[in-house]
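This note sets out several points for a reader who is new to protein structure. Please keep the model open while reading the numbered paragraphs.

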Amino acid sequence: MEPNGHTFLEKVLTIVREEQDESRPLIEFKHPKQLEEILDLDVTEGVDDKKLEACVRQVLQHSVKTDRVTFRNQLYGGTDPYGLSGAWLAEAFNTSQYTFEVAPAFTLIELKMIQHILQLFGIPEGDGIFSPGGSMSMFYGIVAARHRAFPEVKAKGMRGLPELVLFTSEDSHYSIKKAAHWLGFGTESIKVVKTNQCGQLIVPELDIAIQREKDAGRCPLFVNATAGTTVLGAIDDLVAVSDVCKKHNVWMHVDACWGGSLILSQKYRNKLNGIERADSISWNPHKMAGAPLQCSVFVVRERGLLHSSNAAAAQYLFHQDKFYDVSYDTGDKSVQCGRKIDAFKLWMMWKARGDSGLSSLCDHTMDIARFCLHTVENKPGFRLVCDNLQCPNVCFWYIPKFMRGRKEDEKWWEVMHKITPKIKELLTLSSRLMVAYSPVRQYKNFFRLAFTFHPIVQEKDVLAMLQAIEECGEQVTLDML
Ligand SMILES: Cc1ncc(COP(=O)(O)O)c(C=O)c1O
(Lines give C-alpha, C1' and ligand atoms only; values in the text may rest on other atoms or scores of the structure.)
Protein backbone atom coordinates (compact mmCIF):
# COMPACT_ATOMS: atom_id res chain seq x y z
CA MET A 1 0.00 0.00 0.00
CA GLU A 2 1.19 3.53 -0.78
CA PRO A 3 2.11 5.47 2.36
CA ASN A 4 -0.68 7.98 3.10
CA GLY A 5 1.12 10.27 5.48
CA HIS A 6 -1.31 10.00 8.40
CA THR A 7 0.82 7.63 10.47
CA PHE A 8 3.78 9.87 9.86
CA LEU A 9 1.82 12.88 11.06
CA GLU A 10 1.18 11.11 14.38
CA LYS A 11 4.91 10.80 14.87
CA VAL A 12 5.85 14.36 14.14
CA LEU A 13 5.58 15.69 17.69
CA THR A 14 7.91 12.94 18.95
CA ILE A 15 10.42 13.75 16.24
CA VAL A 16 10.32 17.45 17.12
CA ARG A 17 10.78 16.73 20.84
CA GLU A 18 13.73 14.42 20.22
CA GLU A 19 15.46 16.62 17.67
CA GLN A 20 15.03 19.75 19.78
CA ASP A 21 16.31 17.99 22.90
CA GLU A 22 18.77 20.09 24.91
CA SER A 23 21.48 17.50 24.21
CA ARG A 24 21.42 18.48 20.51
CA PRO A 25 23.85 21.25 19.60
CA LEU A 26 22.56 24.69 18.70
CA ILE A 27 24.15 24.29 15.28
CA GLU A 28 26.36 21.78 13.51
CA PHE A 29 27.65 24.19 10.93
CA LYS A 30 28.52 22.82 7.49
CA HIS A 31 29.37 24.80 4.39
CA PRO A 32 26.74 24.53 1.60
CA LYS A 33 28.68 22.03 -0.53
CA GLN A 34 29.45 19.84 2.50
CA LEU A 35 25.81 19.86 3.54
CA GLU A 36 24.68 18.99 0.04
CA GLU A 37 26.86 15.88 0.28
CA ILE A 38 25.31 14.86 3.60
CA LEU A 39 21.60 15.39 2.93
CA ASP A 40 19.49 13.04 0.84
CA LEU A 41 17.56 15.71 -1.06
CA ASP A 42 16.55 13.93 -4.26
CA VAL A 43 12.77 13.54 -4.67
CA THR A 44 12.61 11.45 -7.84
CA GLU A 45 11.79 8.17 -6.07
CA GLY A 46 9.29 8.05 -3.19
CA VAL A 47 10.49 6.53 0.09
CA ASP A 48 8.69 4.66 2.88
CA ASP A 49 7.94 6.33 6.21
CA LYS A 50 10.97 4.82 7.92
CA LYS A 51 13.35 6.22 5.34
CA LEU A 52 11.47 9.51 5.34
CA GLU A 53 11.87 9.75 9.11
CA ALA A 54 15.61 9.23 8.77
CA CYS A 55 15.79 11.93 6.08
CA VAL A 56 13.73 14.35 8.16
CA ARG A 57 15.84 13.75 11.25
CA GLN A 58 18.92 14.47 9.18
CA VAL A 59 17.41 17.76 8.02
CA LEU A 60 16.54 18.72 11.59
CA GLN A 61 19.98 17.71 12.81
CA HIS A 62 21.43 20.23 10.39
CA SER A 63 18.91 22.93 11.23
CA VAL A 64 19.54 25.71 13.72
CA LYS A 65 17.82 25.17 17.08
CA THR A 66 16.29 28.62 17.23
CA ASP A 67 14.46 27.74 20.45
CA ARG A 68 17.67 27.98 22.51
CA VAL A 69 18.72 30.87 24.73
CA THR A 70 21.99 30.85 22.80
CA PHE A 71 20.22 31.69 19.53
CA ARG A 72 20.62 35.46 19.50
CA ASN A 73 21.31 35.81 15.80
CA GLN A 74 18.16 37.63 14.71
CA LEU A 75 15.30 39.57 16.21
CA TYR A 76 13.16 36.43 16.40
CA GLY A 77 13.98 33.39 18.50
CA GLY A 78 12.18 30.69 20.43
CA THR A 79 8.42 30.64 20.02
CA ASP A 80 5.75 31.02 22.65
CA PRO A 81 4.48 27.42 23.09
CA TYR A 82 0.87 28.66 22.92
CA GLY A 83 1.69 30.49 19.72
CA LEU A 84 3.27 27.37 18.30
CA SER A 85 0.15 25.40 19.21
CA GLY A 86 -1.83 28.02 17.32
CA ALA A 87 0.49 27.73 14.33
CA TRP A 88 0.10 23.96 14.20
CA LEU A 89 -3.67 24.17 14.55
CA ALA A 90 -3.79 26.84 11.86
CA GLU A 91 -1.79 24.62 9.50
CA ALA A 92 -4.00 21.63 10.29
CA PHE A 93 -7.19 23.57 9.59
CA ASN A 94 -5.60 24.95 6.42
CA THR A 95 -7.74 27.82 5.33
CA SER A 96 -7.46 31.35 4.01
CA GLN A 97 -8.38 34.49 5.88
CA TYR A 98 -10.15 36.25 2.98
CA THR A 99 -13.83 35.40 3.53
CA PHE A 100 -16.03 34.72 6.54
CA GLU A 101 -17.38 31.77 4.59
CA VAL A 102 -14.15 29.76 4.78
CA ALA A 103 -12.75 31.21 8.00
CA PRO A 104 -15.70 32.22 10.18
CA ALA A 105 -14.12 31.94 13.64
CA PHE A 106 -10.70 32.99 12.38
CA THR A 107 -12.18 36.14 10.83
CA LEU A 108 -13.70 37.14 14.16
CA ILE A 109 -10.39 36.37 15.84
CA GLU A 110 -8.46 38.62 13.45
CA LEU A 111 -10.97 41.42 13.98
CA LYS A 112 -10.76 40.99 17.76
CA MET A 113 -6.97 41.03 17.71
CA ILE A 114 -6.86 44.14 15.54
CA GLN A 115 -9.33 45.89 17.84
CA HIS A 116 -7.33 44.96 20.94
CA ILE A 117 -4.08 46.10 19.34
CA LEU A 118 -5.63 49.39 18.17
CA GLN A 119 -6.77 50.06 21.74
CA LEU A 120 -3.27 49.41 23.04
CA PHE A 121 -1.69 51.72 20.49
CA GLY A 122 -4.26 54.41 21.35
CA ILE A 123 -6.08 54.56 18.00
CA PRO A 124 -9.29 52.66 18.86
CA GLU A 125 -11.22 53.91 15.83
CA GLY A 126 -8.65 52.64 13.35
CA ASP A 127 -8.41 49.58 11.15
CA GLY A 128 -5.79 46.95 10.42
CA ILE A 129 -4.73 43.73 8.80
CA PHE A 130 -2.26 40.94 9.40
CA SER A 131 0.39 41.04 6.73
CA PRO A 132 3.16 38.64 5.76
CA GLY A 133 5.91 40.57 7.54
CA GLY A 134 7.21 44.01 8.38
CA SER A 135 8.54 44.64 4.89
CA MET A 136 5.06 44.14 3.45
CA SER A 137 3.64 46.38 6.17
CA MET A 138 5.91 49.14 4.88
CA PHE A 139 4.28 48.69 1.46
CA TYR A 140 0.86 48.98 3.09
CA GLY A 141 1.88 52.19 4.85
CA ILE A 142 3.17 53.90 1.72
CA VAL A 143 0.22 52.77 -0.39
CA ALA A 144 -2.22 54.05 2.24
CA ALA A 145 -0.43 57.42 2.42
CA ARG A 146 -0.38 57.73 -1.37
CA HIS A 147 -4.03 56.72 -1.67
CA ARG A 148 -5.12 59.30 0.87
CA ALA A 149 -3.20 62.06 -0.89
CA PHE A 150 -3.76 60.94 -4.51
CA PRO A 151 -6.58 58.38 -4.81
CA GLU A 152 -6.40 58.65 -8.60
CA VAL A 153 -3.13 56.68 -8.53
CA LYS A 154 -5.10 53.47 -8.16
CA ALA A 155 -6.49 53.80 -11.68
CA LYS A 156 -4.06 56.06 -13.44
CA GLY A 157 -0.72 55.28 -11.87
CA MET A 158 1.85 57.89 -10.89
CA ARG A 159 1.92 59.83 -14.16
CA GLY A 160 0.93 63.44 -13.79
CA LEU A 161 1.73 63.57 -10.08
CA PRO A 162 4.22 65.93 -8.50
CA GLU A 163 7.50 64.26 -7.54
CA LEU A 164 6.76 62.45 -4.27
CA VAL A 165 9.39 62.01 -1.57
CA LEU A 166 9.69 59.74 1.46
CA PHE A 167 11.71 60.37 4.62
CA THR A 168 13.44 57.92 6.89
CA SER A 169 16.36 57.82 9.30
CA GLU A 170 19.79 56.52 8.40
CA ASP A 171 19.38 53.71 10.98
CA SER A 172 15.95 52.61 9.74
CA HIS A 173 15.19 49.23 8.17
CA TYR A 174 15.96 48.66 4.50
CA SER A 175 12.39 47.63 3.65
CA ILE A 176 11.61 51.25 2.73
CA LYS A 177 14.12 50.96 -0.12
CA LYS A 178 12.36 47.88 -1.47
CA ALA A 179 8.98 49.54 -1.12
CA ALA A 180 10.15 52.71 -2.88
CA HIS A 181 11.47 50.63 -5.74
CA TRP A 182 8.46 48.29 -6.05
CA LEU A 183 5.87 51.04 -5.72
CA GLY A 184 7.41 53.12 -8.48
CA PHE A 185 8.89 55.95 -6.41
CA GLY A 186 12.47 54.84 -6.95
CA THR A 187 15.03 54.65 -4.20
CA GLU A 188 16.26 58.16 -4.95
CA SER A 189 12.93 59.44 -3.68
CA ILE A 190 13.98 58.48 -0.17
CA LYS A 191 15.52 61.31 1.79
CA VAL A 192 17.69 59.94 4.56
CA VAL A 193 17.77 61.92 7.80
CA LYS A 194 20.70 61.73 10.20
CA THR A 195 20.49 60.03 13.58
CA ASN A 196 22.13 60.87 16.89
CA GLN A 197 24.77 58.67 18.51
CA CYS A 198 22.22 56.23 19.88
CA GLY A 199 20.39 55.88 16.58
CA GLN A 200 17.39 58.20 17.04
CA LEU A 201 16.34 60.35 14.13
CA ILE A 202 17.37 63.99 14.64
CA VAL A 203 13.96 65.62 14.40
CA PRO A 204 15.06 69.20 13.55
CA GLU A 205 16.94 67.69 10.59
CA LEU A 206 13.71 66.05 9.47
CA ASP A 207 11.96 69.41 9.60
CA ILE A 208 14.74 70.99 7.54
CA ALA A 209 14.74 68.12 5.03
CA ILE A 210 10.99 68.34 4.47
CA GLN A 211 11.16 72.10 4.00
CA ARG A 212 14.06 71.71 1.56
CA GLU A 213 12.04 69.30 -0.57
CA LYS A 214 9.03 71.60 -0.55
CA ASP A 215 11.19 74.54 -1.58
CA ALA A 216 12.53 72.46 -4.44
CA GLY A 217 8.98 71.86 -5.67
CA ARG A 218 8.72 68.26 -4.57
CA CYS A 219 5.88 66.77 -2.55
CA PRO A 220 6.73 65.22 0.85
CA LEU A 221 4.39 62.27 1.27
CA PHE A 222 5.53 59.94 4.02
CA VAL A 223 7.75 59.95 7.08
CA ASN A 224 8.93 56.62 8.41
CA ALA A 225 9.76 56.90 12.11
CA THR A 226 11.20 53.86 13.86
CA ALA A 227 10.33 52.45 17.26
CA GLY A 228 13.17 49.98 17.70
CA THR A 229 15.81 50.15 15.01
CA THR A 230 17.12 46.82 13.82
CA VAL A 231 20.61 47.06 15.27
CA LEU A 232 20.74 49.60 18.09
CA GLY A 233 17.07 49.32 19.07
CA ALA A 234 16.62 53.08 18.95
CA ILE A 235 13.20 54.61 19.40
CA ASP A 236 12.65 57.90 17.62
CA ASP A 237 11.05 60.79 19.50
CA LEU A 238 7.58 60.05 18.18
CA VAL A 239 5.92 63.12 19.73
CA ALA A 240 8.41 65.43 18.04
CA VAL A 241 8.20 63.55 14.73
CA SER A 242 4.42 63.85 14.87
CA ASP A 243 4.66 67.63 15.39
CA VAL A 244 6.83 67.94 12.30
CA CYS A 245 4.51 65.71 10.25
CA LYS A 246 1.49 67.76 11.33
CA LYS A 247 3.26 71.02 10.53
CA HIS A 248 3.96 69.87 6.97
CA ASN A 249 0.86 67.71 6.53
CA VAL A 250 2.86 64.57 5.86
CA TRP A 251 1.82 60.99 6.68
CA MET A 252 3.50 59.61 9.81
CA HIS A 253 4.22 55.90 9.77
CA VAL A 254 5.88 54.19 12.73
CA ASP A 255 7.91 51.09 11.98
CA ALA A 256 7.43 49.42 15.36
CA CYS A 257 8.17 45.97 13.98
CA TRP A 258 10.73 45.38 16.72
CA GLY A 259 9.90 47.84 19.51
CA GLY A 260 6.11 47.59 19.16
CA SER A 261 6.10 44.73 21.66
CA LEU A 262 6.90 47.25 24.41
CA ILE A 263 3.26 48.34 24.15
CA LEU A 264 2.44 45.10 25.96
CA SER A 265 4.26 46.25 29.09
CA GLN A 266 2.61 48.51 31.64
CA LYS A 267 6.07 49.57 32.71
CA TYR A 268 7.73 50.23 29.36
CA ARG A 269 4.96 51.33 27.00
CA ASN A 270 5.71 54.97 27.75
CA LYS A 271 8.85 54.53 25.63
CA LEU A 272 6.42 54.55 22.68
CA ASN A 273 4.76 57.84 23.67
CA GLY A 274 3.53 59.60 20.58
CA ILE A 275 2.76 56.39 18.68
CA GLU A 276 -0.94 57.18 19.22
CA ARG A 277 -0.46 60.14 16.87
CA ALA A 278 0.73 58.01 13.94
CA ASP A 279 -1.25 57.60 10.74
CA SER A 280 -0.06 54.00 10.51
CA ILE A 281 1.98 51.53 12.53
CA SER A 282 3.60 48.20 11.77
CA TRP A 283 4.34 45.70 14.53
CA ASN A 284 5.80 42.21 14.29
CA PRO A 285 4.71 40.00 17.21
CA HIS A 286 6.93 37.37 15.56
CA LYS A 287 9.99 39.25 16.72
CA MET A 288 10.31 40.15 20.42
CA ALA A 289 7.01 38.61 21.56
CA GLY A 290 7.76 35.13 20.17
CA ALA A 291 4.75 34.52 17.93
CA PRO A 292 5.77 31.94 15.34
CA LEU A 293 6.94 33.41 12.04
CA GLN A 294 5.15 35.08 10.40
CA CYS A 295 2.93 37.25 12.50
CA SER A 296 2.88 40.89 11.56
CA VAL A 297 0.22 43.56 11.98
CA PHE A 298 -0.35 46.76 10.06
CA VAL A 299 -2.75 49.28 11.59
CA VAL A 300 -4.01 52.54 10.21
CA ARG A 301 -5.80 55.47 11.83
CA GLU A 302 -8.37 56.09 9.09
CA ARG A 303 -11.04 53.42 8.93
CA GLY A 304 -11.97 52.44 5.39
CA LEU A 305 -8.64 53.50 3.90
CA LEU A 306 -7.23 49.98 3.77
CA HIS A 307 -10.25 48.82 1.82
CA SER A 308 -10.39 51.72 -0.58
CA SER A 309 -6.66 51.63 -1.27
CA ASN A 310 -6.42 47.87 -1.86
CA ALA A 311 -9.81 46.53 -2.92
CA ALA A 312 -10.21 44.94 -6.34
CA ALA A 313 -13.79 43.65 -5.77
CA ALA A 314 -13.34 40.24 -7.39
CA GLN A 315 -16.85 38.99 -8.07
CA TYR A 316 -16.03 35.31 -7.74
CA LEU A 317 -14.81 35.78 -4.16
CA PHE A 318 -16.22 38.96 -2.68
CA HIS A 319 -19.79 38.69 -4.04
CA GLN A 320 -22.14 41.26 -2.62
CA ASP A 321 -25.18 38.93 -2.90
CA LYS A 322 -24.09 36.32 -0.36
CA PHE A 323 -26.51 35.06 2.28
CA TYR A 324 -24.56 36.58 5.23
CA ASP A 325 -23.22 39.99 6.24
CA VAL A 326 -20.42 40.47 3.68
CA SER A 327 -18.79 43.24 5.69
CA TYR A 328 -17.13 40.27 7.45
CA ASP A 329 -15.36 39.32 4.21
CA THR A 330 -12.29 41.33 5.12
CA GLY A 331 -9.88 39.94 2.53
CA ASP A 332 -10.22 42.77 0.03
CA LYS A 333 -8.40 45.09 2.46
CA SER A 334 -5.37 42.98 1.68
CA VAL A 335 -3.04 43.02 -1.30
CA GLN A 336 -3.00 39.21 -1.10
CA CYS A 337 -5.66 36.79 -2.23
CA GLY A 338 -5.01 33.68 -0.10
CA ARG A 339 -3.79 34.76 3.33
CA LYS A 340 -2.65 32.69 6.28
CA ILE A 341 -4.52 32.97 9.56
CA ASP A 342 -1.61 34.51 11.41
CA ALA A 343 -3.85 36.29 13.91
CA PHE A 344 -4.78 32.95 15.45
CA LYS A 345 -1.25 32.28 16.74
CA LEU A 346 -1.20 35.62 18.49
CA TRP A 347 -4.71 35.13 19.82
CA MET A 348 -3.70 31.76 21.35
CA MET A 349 -0.80 33.39 23.19
CA TRP A 350 -2.90 36.30 24.34
CA LYS A 351 -5.88 34.13 25.33
CA ALA A 352 -3.63 31.94 27.47
CA ARG A 353 -1.60 34.69 29.09
CA GLY A 354 -3.85 37.75 29.01
CA ASP A 355 -2.58 41.31 28.97
CA SER A 356 -0.79 40.85 32.29
CA GLY A 357 1.03 37.66 31.26
CA LEU A 358 2.44 39.33 28.15
CA SER A 359 3.30 42.42 30.18
CA SER A 360 5.38 40.34 32.62
CA LEU A 361 7.22 38.60 29.77
CA CYS A 362 8.08 41.98 28.29
CA ASP A 363 9.26 43.32 31.65
CA HIS A 364 11.49 40.31 32.19
CA THR A 365 12.96 40.73 28.71
CA MET A 366 13.83 44.37 29.41
CA ASP A 367 15.18 43.50 32.86
CA ILE A 368 17.49 40.86 31.43
CA ALA A 369 18.67 43.28 28.74
CA ARG A 370 19.42 45.85 31.43
CA PHE A 371 21.37 43.24 33.41
CA CYS A 372 23.34 42.45 30.26
CA LEU A 373 24.01 46.15 29.60
CA HIS A 374 25.32 46.74 33.13
CA THR A 375 27.45 43.62 33.03
CA VAL A 376 28.99 44.61 29.71
CA GLU A 377 29.57 48.13 30.99
CA ASN A 378 31.63 46.81 33.90
CA LYS A 379 33.38 43.83 32.35
CA PRO A 380 37.04 44.21 31.35
CA GLY A 381 37.54 44.00 27.59
CA PHE A 382 33.91 44.82 26.77
CA ARG A 383 32.81 48.22 25.51
CA LEU A 384 29.25 49.45 24.90
CA VAL A 385 28.32 51.18 21.65
CA CYS A 386 25.49 53.01 23.42
CA ASP A 387 24.62 52.92 27.12
CA ASN A 388 21.01 53.99 26.67
CA LEU A 389 18.68 50.98 26.79
CA GLN A 390 15.76 51.75 24.50
CA CYS A 391 14.69 48.30 23.30
CA PRO A 392 16.26 45.07 24.62
CA ASN A 393 19.30 45.43 22.34
CA VAL A 394 22.76 45.50 23.88
CA CYS A 395 25.49 46.46 21.43
CA PHE A 396 29.18 46.19 22.24
CA TRP A 397 32.68 45.26 21.17
CA TYR A 398 34.86 42.66 22.75
CA ILE A 399 38.47 43.89 22.71
CA PRO A 400 40.92 40.98 23.08
CA LYS A 401 43.83 41.49 25.48
CA PHE A 402 46.36 41.94 22.68
CA MET A 403 44.41 44.96 21.39
CA ARG A 404 44.00 46.72 24.73
CA GLY A 405 46.02 49.78 25.78
CA ARG A 406 47.01 50.58 22.19
CA LYS A 407 46.29 53.81 20.35
CA GLU A 408 42.76 53.57 18.97
CA ASP A 409 43.46 55.08 15.56
CA GLU A 410 41.90 54.14 12.23
CA LYS A 411 44.18 51.14 11.84
CA TRP A 412 43.22 49.84 15.27
CA TRP A 413 39.53 50.09 14.38
CA GLU A 414 40.13 48.31 11.06
CA VAL A 415 41.50 45.39 13.06
CA MET A 416 38.52 45.50 15.44
CA HIS A 417 36.26 45.44 12.39
CA LYS A 418 37.74 42.05 11.50
CA ILE A 419 37.93 40.71 15.05
CA THR A 420 34.17 40.80 15.71
CA PRO A 421 33.23 38.53 12.75
CA LYS A 422 36.12 36.22 13.61
CA ILE A 423 34.79 35.81 17.17
CA LYS A 424 31.36 35.14 15.72
CA GLU A 425 32.80 32.44 13.48
CA LEU A 426 34.47 30.73 16.45
CA LEU A 427 31.28 30.96 18.50
CA THR A 428 29.24 29.42 15.68
CA LEU A 429 31.67 26.65 14.82
CA SER A 430 31.87 25.66 18.48
CA SER A 431 28.05 25.89 18.73
CA ARG A 432 28.31 28.07 21.83
CA LEU A 433 26.35 31.08 20.64
CA MET A 434 24.81 32.51 17.51
CA VAL A 435 24.97 36.26 17.83
CA ALA A 436 24.45 39.13 15.40
CA TYR A 437 27.11 41.63 14.43
CA SER A 438 26.98 44.73 12.30
CA PRO A 439 28.65 48.02 11.58
CA VAL A 440 26.46 51.11 11.95
CA ARG A 441 27.50 54.46 10.53
CA GLN A 442 30.98 55.26 11.88
CA TYR A 443 30.95 52.30 14.25
CA LYS A 444 32.98 49.32 13.10
CA ASN A 445 31.59 45.78 13.43
CA PHE A 446 30.14 45.18 16.90
CA PHE A 447 27.95 42.55 18.54
CA ARG A 448 24.23 42.92 19.06
CA LEU A 449 22.67 40.80 21.78
CA ALA A 450 18.92 41.28 21.40
CA PHE A 451 16.55 39.67 23.88
CA THR A 452 13.11 38.21 23.21
CA PHE A 453 10.25 36.87 25.38
CA HIS A 454 11.10 33.21 24.63
CA PRO A 455 12.82 31.12 25.78
CA ILE A 456 13.07 32.93 29.10
CA VAL A 457 16.66 34.05 29.56
CA GLN A 458 18.19 34.04 33.05
CA GLU A 459 21.12 36.10 34.32
CA LYS A 460 23.32 33.01 34.34
CA ASP A 461 22.60 32.56 30.60
CA VAL A 462 23.75 36.12 29.92
CA LEU A 463 26.94 35.54 31.88
CA ALA A 464 27.57 32.34 29.91
CA MET A 465 27.08 34.17 26.60
CA LEU A 466 29.52 36.91 27.57
CA GLN A 467 31.96 34.29 28.83
CA ALA A 468 31.76 32.48 25.49
CA ILE A 469 32.44 35.74 23.63
CA GLU A 470 35.41 36.45 25.87
CA GLU A 471 36.87 32.94 25.50
CA CYS A 472 36.49 32.90 21.72
CA GLY A 473 37.79 36.49 21.62
CA GLU A 474 40.96 35.40 23.39
CA GLN A 475 41.53 32.68 20.77
CA VAL A 476 41.78 35.30 18.01
CA THR A 477 45.24 36.19 16.80
CA LEU A 478 46.36 38.70 14.18
CA ASP A 479 47.30 35.90 11.72
CA MET A 480 43.70 34.65 11.71
CA LEU A 481 42.37 37.97 10.38
C1 LIG B 1 12.86 47.69 12.37
C2 LIG B 1 12.45 46.65 11.38
N3 LIG B 1 11.46 46.90 10.53
C4 LIG B 1 11.05 46.01 9.62
C5 LIG B 1 11.64 44.78 9.54
C6 LIG B 1 11.19 43.81 8.49
O7 LIG B 1 10.37 42.84 9.02
P8 LIG B 1 10.15 41.45 8.27
O9 LIG B 1 11.40 40.67 8.47
O10 LIG B 1 8.97 40.85 8.95
O11 LIG B 1 9.89 41.76 6.83
C12 LIG B 1 12.69 44.46 10.40
C13 LIG B 1 13.36 43.16 10.32
O14 LIG B 1 14.24 42.84 11.06
C15 LIG B 1 13.10 45.42 11.35
O16 LIG B 1 14.12 45.19 12.19
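1. The structure is a predicted model: local features need pLDDT of at least 70, side-chain atom pairs count only at pLDDT 80 or more, and totals for chains, interfaces and linings use all residues. Residue numbers start from 1 along each chain, as its sequence is written.

2. Strand β3 (residues 164-169) and strand β5 (residues 219-226) run parallel and are paired over five bridges. Within this pair, V165 has P220 of β5 as its bridge partner. Strands are DSSP runs of E with at least two residues, helices are runs of H or I with at least four residues, and both are numbered from the N terminus. Two strands pair if DSSP finds at least two bridges between them. In general, strands of a sheet pair through backbone hydrogen bonds, either parallel or antiparallel.

3. Both β3 and β5 belong to an open sheet of seven strands with mixed pairing, in the order β2-β8-β7-β6-β5-β3-β4. The edges are β2 (127-131) and β4 (190-193); each has a single partner strand, so one side of each lacks a neighbour in the sheet. On average, neighbouring strands of this sheet are turned by 20° against each other, direction ignored. Helix α5 (residues 104-121) lies across β2, β7 (280-283) and β8 (296-300), at about 65° to β8. Such angles, from 0 to 180 degrees, are taken between the N-to-C directions of axes, which are lines fitted to C-alpha atoms, for helices over the stretch in contact. Contact between two residues requires that their C-beta atoms, placed from the backbone, lie within 7 Å.

4. Which residues of helix α10 (residues 238-248) are buried? They are L238, V241, S242, V244 and C245. Seen down the axis of α10, these residues fall within an arc of 160°, and therefore line one face of the helix. The arc is that of the directions from the helix axis to the C-beta atoms. On the other side of α10, K246 and K247 are exposed. A residue is buried if 20 or more other C-beta atoms lie within 10 Å of its own, exposed if 12 or fewer, and partly exposed in between, with C-beta atoms placed from the backbone. The cover over the buried residues of α10 includes α9 (203-215), β5 and β6 (251-255). After α10 comes N249, with a positive phi near 55°.

5. A second topic is the other sheet. Five strands form this open sheet, with mixed pairing and the order β1-β11-β12-β10-β9. Its edges are β1 (71-72) and β9 (382-384), each with a single partner strand, so one side of each is without a neighbour in the sheet. Strands β11 (residues 434-440) and β12 (residues 443-450) run antiparallel and are joined by four bridges; S438 stands opposite F446 in β12. Helix α12 (residues 342-378) lies across β9, β10 (393-398) and β12, at about 20° to β10.

6. Six of its six residues are buried, so β10 is largely enclosed by the rest of the structure. N393, C395 and W397 point one way from β10, while V394, F396 and Y398 point the other way. In a regular strand, side chains alternate between the two faces of the sheet. β10 pairs with β9 in the antiparallel sense over three bridges, and R383 has W397 of β10 as its bridge partner. Four bridges also join β10 to β12, again antiparallel, with N393 opposite A450 in β12.
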